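Please look over the chain first, then read the points below.

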Amino acid sequence: TRGAGNATHGTYWSADVAFNPTTAPITVLGVTIPPSGWAQVFPVVNSSSVTLTSNATSGNLPNTTPLTLTANVTPTTAAGSVNFFDGTTLIGTSTATNGVATFTPATEPANGPHSYTASFVPTLGDIANPNTASATMISGSTSSAVPVNVGAPVTPTTGVLSADNLAPAYGATVNLTDTVSPAAAAGSVVFYDGTTALNATPVATSTAGVATLAVSNLPAGTDNVTAVFTPTSTTTYSGNTSNSVAIVVAAPAACSLTGSSCTDQQNISVTVNPGTITITTPYTSAKPFTLPALALSTDGTYLSSSAAFPASGDAPITVTSTLAGDPSWTVSVAASNLTDPAGATIASSGLGLTGGTLVNNGKFPGTVKFTDIPGHNPNGSDTNTGLGTAPQTWASSPAGDGTATMTGTLGLFAPTSTPAGTYSGTITFSVI
């Protein structure tokens, strides 16, 4: 391909593209071309990469602090600009200087979670010695997503602990009250005797900021009791430890009827832990799931691909629950759009997850119900919405304790106008 240049670059330019008609890879001018594939062999295309960071601390940013995004482009000599995105929305563009581009939005982002990415766009005609054998050009690239939670400044809290009986008999009930200020600071409280927790499950504060606990198992002697408050929103309120209250518990009574029967009541306790629930999948940015190449339909109206998900030989999608009470759980799925380094996009609505199967049926003590989420075919033949940014229910279990392993079929539809390239995105599995 040859042309006469443009107003910015008045030089003569050219590009050579090679086609491999064989059934084995071949190498042309140092570039490996797959069977029946095309590749640019002149000028040589060098890869770039971009890493995005923010000034948020541990992912949290008070809404009084301006957001600053910094993109580091490799190689640092690559000329071009960086587009900054909040989700799929372009929020600004900055020039990369010595491999660095920064951006601060003019308006503070809305409170709540955000996901930022940066895409490097090389300068048009970024070619060294365009008509020589050493001609090279640089490719674009997109960073990994950086999550930032924007919230209000953290408000300090205090806790005041009191007890209705400071000198109870052994085994008597003592009512503990922790009053948290400000009262609007929602959260939960754990009461301690020294370093020993008196309640395994945190007590939620009321609308008045009060948490209460009745205890009857304080040991004889002096017990130094405190209350530790943990806010629901750690980006809005701080936690606190209350004042210490000394409670002197009398010694247990001894039998006094010598030669007669005697009873001695013993107090026992047992703790049922709240348990946990987790979901794991085998794929990461370092080990992505790869669908087969999109193929044209027989009627030529759309592209499609599908495969077992996870692939054979890879670990299945696994939910493990040890929650007290054997509650139900639901697995939801959401997906991002798929993009290639040049900025082309395949809508996430074309993604679908169907054919859910419980792999370890008979070993998982409960049952799992699956809901198909078919992808949308862009040729207009269906009304499916496919996977999208809003989570959708894929699997559920009415009694979920144990380990359930699951698989399905991942499909993708795309319009025939989709440019060639390698597209990537994310699918997020959540369990609640």
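Predicted model: local features only at pLDDT ≥ 70, side-chain atom pairs only at ≥ 80, totals over all residues.

The protein chain has 38 strands and zero helices. Its radius of gyration is 31 Å, whereas a compact globule of 432 residues would have one near 22 Å.

**Overall form**

- The C-alpha trace of the protein chain spans about 115 × 55 × 40 Å along its principal axes.
- Of the 432 residues in the protein chain, 33% are buried.
- Take the contacts between residues at least 6 apart in sequence: 67% of them join residues at least 24 apart.
- The protein chain has an accessible surface of about 23200 Å². Carbon and sulfur atoms account for 56% of that surface.

**Nonpolar cores**

- In soluble globular proteins, nonpolar side chains tend to be buried together.
- The largest nonpolar core here holds 31 residues. Those with the most contacts inside this core are Phe309, Trp329, Val331, Val368, Trp394, Met406 and Phe429.
- Several strands each supply at least two residues of this core, among them strand 29 (303-309), strand 31 (329-335), strand 36 (392-397) and strand 38 (427-431).
- Strand 37 gives the largest share of this core, five residues.
- Phe429 touches residues well beyond its sequence neighbours, not counting those up to four places away. These contacts include Ile279, Phe309, Val331, Leu353 and Trp394.
- A second, separate core has 21 residues, including Val50, Ala78, Ala96 and Val148.

**Salt bridge**

- With a cut-off of 4 Å between side-chain nitrogen and carboxyl oxygen, the count is one salt bridge.
- Asp314 pairs with Lys287 in a salt bridge, and their closest N and O atoms are 3.3 Å apart.
- Asp314 sits in the loop between strand 29 and strand 30, and Lys287 in the loop between strand 27 (277-280) and strand 28 (295-296), so the pair ties together parts 27 residues apart in sequence.
- Asp314 counts as partly exposed because its relative accessibility is 25%. Lys287 is also partly exposed, at 40% relative accessibility.

**Surface patch**

- Val17, Phe19 and Trp38 make a nonpolar surface patch of about 350 Å².
- Trp38 belongs to strand 6 (residues 38-42).
- Is Trp38 buried or exposed? Trp38 counts as exposed, because its relative accessibility is 62% and the cut-off for exposed is over 50%.

Conventions:
Residues numbered from 1 in each chain as written. Heavy atoms only, no water. Patch = residues over 30% accessible without salt bridge, like charges linked within 9 Å, V, L, I, M, F, W, Y side chains within 5 Å. Areas by Shrake-Rupley, 256 points an atom, 1.4 Å probe, with all protein chains shown as cover. Helix = DSSP H or I, 4+ residues; strand = E, 2+ residues; numbered from the N terminus. Buried < 20%, exposed > 50% of the residue type's maximum accessible area, 1.4 Å probe, protein only. Core = buried A, V, L, I, M, F, W, Y, C linked by side-chain atoms within 4.5 Å. Contact = heavy atoms within 4.5 Å. Rg over C-alpha atoms; globule rule 2.2 N^0.38 Å.
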